[in-house]
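Let's go through a model together, one feature at a time. You ask how to read it, and I'll give the general idea before the case at hand.

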Amino acid sequence: MAQPPAQNSTIRNVLLAGILLMLAGDFLFALNDAMGKWLVASFSVGQVVLIRSIGAFFVLGPMIARQGAANLFRMERLELQVLRVVMTTLDTALFYAAVVYLPLADVMSFYMAGPIYVAALSHLLLGEKVGWRRWMAILVGFCGVLIMLKPSSAAFSLSSTFALAGSISFAFAIILNRRLRGTSDTSLVTWQTIGTLLVGGFLTIGNWQTPSSLDFGAMLLLGIVSCGAHLMITRALKLAPASTLAPLHYSLLLWAVIFGLAFFGDMPGPRILIGSGIIVLAGLFIFHRQKVVDTVPPENVPKGVN
């Protein structure tokens with residue numbers, strides 16, 4: 001049955017809002033990553049993560065007050081909530097550990113494989129059907145990761161391992177976001193921020209370096225920017241289907257190259273460009289096949305959000 005024009009117009013507007021929020025959130029994430037790379041050059045990863053987490057509460061504080069602090073403890077599937085906090089914390093800590101020594105675009109290239117891991121994990125953990133074409137694309141994407149990683153005794157580095165492990169943690173976090181769709185944005189982002197706050201505080205023991213007012217303000221601003229990015233992307237995924245938004249996530253790689261070149265003089269080498277190109281093409285094919293084969297689940301249809 002055809003939908004009324006007014007309803008079609010509303011759906012298009014909601015989808016457009018989701019797309020714009022995703023693009024804005026990815027830009028803020030790229031800005032957050034560039035700021036983080038600048039800060040971890042002078043301060044420990046733990047200290048940056050700790051103060052960054054404190055800064056996030058400038059955004060989260062009013063949201064918690066509006067929602068009610070008691071609602072933070074009314075959560076579905078506690079074990080999955082805890083696992084999600086662990087994965088998002090690992091994602092954040094490992095990313096900053098990787099950018100200490102690797103160019104921003106190199107680290108981001110590893111993270112671009114996240115959607116490929118999601119496709120594989122969705123079959124294993126969510127029971128979603130993945131056809132042979134998408135499995136071939138997943139294998140091709142893994143080949144792109146191997147090209148970037150170049151696993152040899154001469155080239156394999158601890159920083160590359162951090163980036164790879166962080167991207168896998170990122171993929172697990174996306175899977176858990178799907179499972180916890182009914183939890184409010186405020187609760188999801190607050191608990192992951194508390195997780196990074198605790199881990200950052202632990203890692204800072206014995207590594208504290210008193211920052212200048214400018215550096216302290218920059219670390220607080222880092223938290224505000226990253227929190228805004230998390231909230232935008234979390235809301236975008238509630239306004240539009242993931243299959244529509246996921247390809248937009250590759251804009252992060254473009255911003256990483258621009259910021260890396262502008263602020264650090266870093267230009268990705270041929271191996272990174274070839275590997276990331278393979279990953280992006282494989283990821284886009286996976287999203288295309290998902291649209292062709294699957295229908296949009298009811299929970300992905302634009303609706304009233306939390």
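Q: How far does the confidence go in this one, and what average pLDDT does the protein have?
A: Keep in mind that this is a predicted model. The protein averages a pLDDT of 81, and 88% of the residues score at least 70.

Q: Which helix has the lowest confidence, and which the highest?
A: Helix 10 (residues 242-245) is the lowest, with a mean of 70, while helix 2 (residues 45-67) is the highest at 92.

Q: Where does pLDDT stay under 50?
A: The general idea comes first: where pLDDT is low, the predicted coordinates should not be read in detail. Here the stretch is residues 295-306. The model does have 21 contacts beyond four places in sequence for those residues.

Q: OK, on to the fold. How many helices and strands are there?
A: The protein has 12 helices and 0 strands. Reading along the sequence gives α-α-α-α-α-α-α-α-α-α-α-α. As for contacts between residues at least 6 apart in sequence, 91% of them join residues at least 24 apart.

Q: What share of the residues is buried, and what does the accessible surface come to?
A: Of the 306 residues, 47% count as buried. The accessible surface is about 14400 Å², with 71% of that area belonging to carbon and sulfur atoms.

Q: How should I read the nonpolar core?
A: In soluble globular proteins, nonpolar side chains tend to be buried together. In this model the largest nonpolar core has 64 residues, and F95, Y96, V107 and M108 have the most contacts inside it. There is also a second, separate core of 7 residues, which includes A56, I64, L72 and V189.

Q: What does M108 touch?
A: Setting aside neighbours within four places in sequence, M108 is in contact with D33, F95, L252, L253 and A256. M108 belongs to helix 4.

Q: Is helix 4 mostly covered or mostly open?
A: Mostly covered: 8 of the 8 residues in helix 4 (residues 104-111) are buried.

Q: Which residues form the nonpolar patch on the surface?
A: As background, an α-helix has 3.6 residues a turn, so residues three or four places apart point the same way. The patch consists of L78, V82, L83, V86 and L90, with about 400 Å² of accessible area together. V86 lies in helix 3 (residues 78-99), and its 39% relative accessibility is why V86 counts as partly exposed.

Q: What does S169 touch?
A: S169 touches M87, L90, D91 and L94, not counting residues up to four places away in sequence. S169 is found in helix 7 (residues 158-179) and is buried, with a relative accessible area of 6%.

Q: How do I pick out salt bridges, and how many are there?
A: Side chains of opposite charge can pair when their charged atoms come close. The count here is 1 salt bridge. R77 forms it with E79, and the closest N and O atoms are 2.8 Å apart. R77 is partly exposed at 39% relative accessibility, and E79 is partly exposed too, at 46%.

Q: One more: what does I286 touch?
A: Leaving out residues up to four places away in sequence, I286 touches I116, A119, R134, A137 and I138. I286 sits in helix 12 (residues 270-293) and counts as buried, at 2% relative accessibility.

Q: How far apart are the C-alpha atoms of I286 and A119?
A: They are separated by 7.7 Å, although the two residues are 167 residues apart along the chain. A119 lies in helix 5 (residues 114-125) and is buried, with a relative accessible area of 11%. Beyond four places in sequence, A119 is in contact with V130, I138 and I286.

Definitions and conventions: Residues are numbered from 1 along each chain as its sequence is written. This is a predicted model: local features need pLDDT of at least 70, side-chain atom pairs count only at pLDDT 80 or more; totals for chains, interfaces and linings use all residues. Side-chain values use heavy atoms; hydrogens and water are left out. pLDDT is the predictor's confidence in each residue, from 0 to 100. Helices (H or I, at least four residues) and strands (E, at least two) are DSSP runs, numbered from the N terminus. Contact means heavy atoms within 4.5 Å. A nonpolar core is a set of buried Ala, Val, Leu, Ile, Met, Phe, Trp, Tyr and Cys residues joined through side-chain atoms within 4.5 Å. Buried means under 20% relative accessible area, exposed over 50%, partly exposed in between (1.4 Å probe, protein chains only). Patches are made of residues with over 30% relative accessible area and no salt bridge: like charges are joined within 9 Å, nonpolar side chains (Val, Leu, Ile, Met, Phe, Trp, Tyr) within 5 Å. Accessible areas come from the Shrake-Rupley method with a 1.4 Å probe; for residues, only the protein chains shown count as cover. A salt bridge is a side-chain nitrogen of Lys or Arg within 4 Å of a carboxyl oxygen of Asp or Glu.
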